[in-house]
There are 2 protein chains.
Amino acid sequence: MTTAEADQEVTAAFLVIGDEILSGRTKDKNIGFLADYLTTIGIDLREVRIVPDVTEKIVDAVNELRAGYTYVFTSGGIGPTHDDITADSIAAAFGVPIDVDPRAKAILEAHYPPGQLTPARLRMARIPEGADLIDNPVSKAPGFRIENVHVMAGVPSIMQAMVDAIAPTLKTGRKMLSRYVDADVPESRLADQVGEIQTRFPETLIGSYPRTNDGRFTTQIVIRSRDEDTLEEATAAVREAVAGALA
Amino acid sequence: MTTAEADQEVTAAFLVIGDEILSGRTKDKNIGFLADYLTTIGIDLREVRIVPDVTEKIVDAVNELRAGYTYVFTSGGIGPTHDDITADSIAAAFGVPIDVDPRAKAILEAHYPPGQLTPARLRMARIPEGADLIDNPVSKAPGFRIENVHVMAGVPSIMQAMVDAIAPTLKTGRKMLSRYVDADVPESRLADQVGEIQTRFPETLIGSYPRTNDGRFTTQIVIRSRDEDTLEEATAAVREAVAGALA
């Protein structure tokens, strides 16, 4: 890989925080959303982790991920209740103090009727020192960004609005383009040819995915590349291999 | 926690392997399934990771997770194609050789018509030395277990059948019981009281989850404990707090 190509790669990890996902009680809807979103804007999602509401687990994961990727996104644990420990955990991960942030407090004061900004609600204004706020158009309590880590809500509608809010601030890479070829044969029938095409086009990423259609196994071959010409050439080779397998 | 209680804890991590999940092209359906399944049989799912089809990433994740939890489950990457590198990566993680396994080969030979067990298909019989096979009633190519790591297919119907196959072999803990209380107020209205109840019942896990109902924010409080009496007491306290907030 040349330096110019390396410069175009912007990578990300997503950290989902919450006991309720691990117990199965809540089914995550944010991973698929963020995966699609980042792919569309040219950021490569390279890793996802789901951890419980346990400070040490959050701290360790954040520190490992922020060292390894351009960006880290987190969801969950920034509400007003005792189990919302994400903000404090992020402060601990960065080794910075955390307290009620005047900007966040002003947002909540403007939102709640006089006298309704209870101590519990004020917890949502706790922001690590040095962080920027992330706008929450849905329910006001903000997320925040500290260095390369973006801390967002777990409720999908709020999380999605926050992603929209931060997207313009993100560095994006040359977009990964993709094509797919469906084949009405099991993937083992194509495996040798597709493996050979992958070897022939090392700068593409070729995936072979089994599907079921009406009880039969079929295949979808996905070809990905940042270069359009390479993508078209490799896709043509896959189409030819599929035609051969069907013949 | 007493030793007797610690003995009852059986923990697990789930490693999802596949570029297609991280690109958003395929939406994972296995995490929610396994979370529910493990909770039901009394195993605590404590962490989930999604990694790409990259040997080093798989090896590092497997080695970190198998040292930290009673069980590791993986899904994805055990098919016949060039991007199916899970079995080889697991062998590398354990530092054991891998080759075509006579038991797995026999299963595939019985399944495919004579002459149809191509080199690509035979890849699916590559099993790390010392592993036990996991039965695949759907499409025959087996998964495998090596020490505390269970390696399964990514296709949900196959993955689910494999989980059913291994469930009777798993050590399970004392089941985590749960109750929930719905409250028609935003969670910030209940935060102080619920936090106090969590402090009063340290052996329970109390979660507070914001919901939206017809545009309004409501709350579901989830109380979890391995002890039924404690669970009922804590739940009663939450019900009382909710009644107070509604009054």
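## Charged and polar links between the chains

Across the interface of chain A and chain B there are four salt bridges, a salt bridge being a side-chain nitrogen of Lys or Arg within 4 Å of a carboxyl oxygen of Asp or Glu. In this predicted model, local features need pLDDT of at least 70 and side-chain atom pairs count only at pLDDT 80 or more, while totals for chains, interfaces and linings use all residues. Side-chain values use heavy atoms, with hydrogens and water left out. The side chains of K27(A) and D36(B) meet in a salt bridge, at 2.9 Å from N to O.

Between chain A and chain B, 17 residue pairs, both at pLDDT 80 or more, are in polar contact; such a contact is a pair of N or O atoms within 3.5 Å, where within protein one must be able to donate a hydrogen and the other to accept it, and residues adjacent in sequence count only if both atoms are side-chain atoms.

## Extent of the interface

In contact (heavy atoms within 4.5 Å) are 61 residues of chain A and 61 residues of chain B. The area buried between the two chains is about 4600 Å², with carbon and sulfur atoms giving 55% of it; buried area is the accessible area (1.4 Å probe) that two parts lose on being put together, summed over both. L22(A), R25(A) and H82(A) supply 14% of the area that chain A buries against chain B, more than any other three residues.

## Strand pairing across the interface

Strand 2 (residues 44-51) of chain A and strand 2 (residues 44-51) of chain B run antiparallel and are joined by three bridges, where strands are DSSP runs of E with at least two residues, numbered from the N terminus, and two strands pair if DSSP finds at least two bridges between them. V48(A) has I50(B), in strand 2 of chain B, as its bridge partner.

## Pairs within single helices

Over all chains the structure holds 34 salt bridges. One of these joins E196(A) to R200(A), with the closest N and O atoms 3.0 Å apart; both residues lie in helix 9 (residues 191-200) of chain A, four residues apart, about one turn of the helix. Helices here are DSSP runs of H or I with at least four residues.

Conventions
Residues are numbered from 1 along each chain as its sequence is written. Chains are lettered from A and ligands numbered from 1 in the order in which they are written.
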